[in-house]
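Here is a short report on side-chain packing. Look over the sequence and the model first.

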Amino acid sequence: MSMSFLELLLIGVGLSMDAFAVAICQGLSMPRLNWRHAGVIGLFFGGFQAAMPMLGWALGSRFAVYIQELDHWVAFVLLGLIGGNMVREALGPEEEAETACAAGRLDLRQLFLMAVATSIDALAVGVTFAFLEVLIVPAASIIGVTTFCLSLVGVAVGNFFGARYKRRAELSGGVILILLGVKILLEHLGVF
């Protein structure tokens with residue numbers, strides 16, 4: 001089955017919303033906007049959003065049941081841990097909060113965890129693409145580029161507000177990540 005560019009773009013936008021929200025949180029923690037760091041954040045999120053559908057497509061329908069049963073739990077735990085750490089740092093004594101963008105450097109390990117957490121749903125989409133026999137390379141490319149672009153915008157938006165309200169922004173970013181994890185969990189459990 002062939003999907004149109006518009007359909008794939010809309011799927012890309014939908015999948016990238018979690019990464020966009022996390023990118024905003026990363027921008028909140030930057031004292032000033034660093035486009036190089038924003039680009040690395042975009043590459044992590046866009047890269048994982050492109051790679052996960054390809055992995056899901058490769059796994060195909062054989063493992064679909066297992067992936068769909070666990071994806072929301074993995075995203076919930078990772079986002080909850082990262083968000084909880086951000087809240088703890090924001091409420092703790094005044095010191096440099098540990099986010100992926102602290103002290104002018106990127107914490108690649110934490111960025112990796114956030115990229116995995118926000119791209120779990122894309123794995124399930126890749127399985128769906130396998131069912132529909134979608135051409136995976138163009139589909140994954142559109143999803144990855146869309147996520148990259150929206151992540152850059154998210155970092156810039158977060159930085160615009162974060163430079164003015166650092167402590168509150170850090171607390172808000174942590175709460176957003178926790179709520180995002182809860183939202184993913186509740187959606188997959190059918191609560192809403």
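## Aromatic pair

Searching the whole structure turns up 1 aromatic pair. The ring centres of F48 and F112 are 5.4 Å apart and the planes meet at 75°, so this pair is edge-to-face. F48 belongs to helix 2 (residues 35–59) and F112 to helix 4 (residues 108–132), so the pair ties together parts 64 residues apart in sequence.

The model is predicted. In it, F112 is partly exposed, because its relative accessible area is 40%, which falls between the 20% and 50% limits.

## Q49 in helix 2

Is Q49 buried or exposed? Q49 is buried, with a relative accessible area of 0%. This residue is found in helix 2. Setting aside neighbours within four places in sequence, Q49 contacts L15, S16, A19, T118, S119, A122, I143 and T147.

## Nonpolar cores

The largest nonpolar core holds 19 residues. V22, I41, F45, M114 and V155 have the most contacts inside it. Helix 1 (5–28), helix 2, helix 4, helix 5 (136–162) and helix 6 (166–188) each give two or more residues to this core. Helix 1 supplies the largest share, 5 residues.

What does F45 touch, not counting residues up to four places away in sequence? F45 touches A19, V22, A23, L111, M114, A115, T118, T147 and S151. Another core, of 15 residues, lies apart from the largest one. Among its members are V116, V125, V134 and A139. In soluble globular proteins, nonpolar side chains tend to be buried together.

Key:
Residues numbered from 1 in each chain as written. Predicted model: local features only at pLDDT ≥ 70, side-chain atom pairs only at ≥ 80, totals over all residues. Heavy atoms only, no water. Phe/Tyr/Trp six-rings, centres within 6.5 Å; stacked < 30°, edge-to-face > 60°. Helix = DSSP H or I, 4+ residues; strand = E, 2+ residues; numbered from the N terminus. Buried < 20%, exposed > 50% of the residue type's maximum accessible area, 1.4 Å probe, protein only. Contact = heavy atoms within 4.5 Å. Core = buried A, V, L, I, M, F, W, Y, C linked by side-chain atoms within 4.5 Å.
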